[in-house]
Amino acid sequence: MKSDLIIAVFKDELERTERLISRYEREVEELPKGSIYARKIANQEYFYLSYRDGKKTVSKFLGNANSFDKSDLLKKTQRRKELLQLIRKLKSDKKQLEKEIR
């Protein structure tokens, strides 16, 4: 049998994990989903954002290489991917904590 102190620590950690999951999910909703790709047409390079909308794949035109700065959007899409990985890990940790509390 686990002591009350250990169970209290697990409960605190579970609450912290739930807060982090909630915060990260809100941040993910604000970031663009998908990935950026370039197409070369007649010596011009054009950028597109590709993502899934249900079963459909959507390609959104972003601009040509001269008029579009892709670095900011790349950072945002990369941040989204990192957050999604963190959320998966935290949800796994949450399940383990819930098992330990029972």
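Colleague: How is the accessibility of tyrosine 37 read: what is its relative accessible area, and which class does that give?

Modeller: Tyrosine 37 has a relative accessible area of 30%, so it is partly exposed; buried means under 20%, exposed over 50%, partly exposed in between (1.4 Å probe, protein chains only). This is a predicted model, where local features need pLDDT of at least 70, side-chain atom pairs count only at pLDDT 80 or more, and totals for chains, interfaces and linings use all residues. Residues are numbered from 1 along each chain as its sequence is written, and side-chain values use heavy atoms, without hydrogens and water.

Colleague: How are aromatic pairs read, and how many are there?

Modeller: A ring pair is described by the distance of the centres and the angle of the planes. Rings of Phe, Tyr and Trp (its six-membered ring) pair with centres within 6.5 Å; planes under 30 degrees apart are stacked, over 60 edge-to-face, the rest tilted. The count here is 3 aromatic pairs. Tyrosine 37 and tyrosine 48 are stacked because their ring centres lie 5.5 Å apart with planes at 15 degrees. Tyrosine 37 is in strand β1 and tyrosine 48 in strand β2, 11 residues apart; strands are DSSP runs (E, at least two residues), numbered from the N terminus.

Colleague: Which ring does tyrosine 48 meet edge-to-face?

Modeller: Phenylalanine 61, with centres 5.5 Å apart and planes at 70 degrees. Phenylalanine 61 lies in strand β3 (residues 56-64). Tyrosine 48 is buried at 14%, whereas phenylalanine 61 is partly exposed at 47%. Ring pairs link Tyr37, Tyr46, Tyr48 and Phe61 into a cluster.

Colleague: What is phi at alanine 42?

Modeller: Most residues other than glycine have a negative phi. Alanine 42 has a positive phi, near 50 degrees. Alanine 42 sits in the loop between β1 (35-41) and β2 (44-53), and is exposed at 72%.

Conventions. Helix = DSSP H or I, 4+ residues; strand = E, 2+ residues; numbered from the N terminus.
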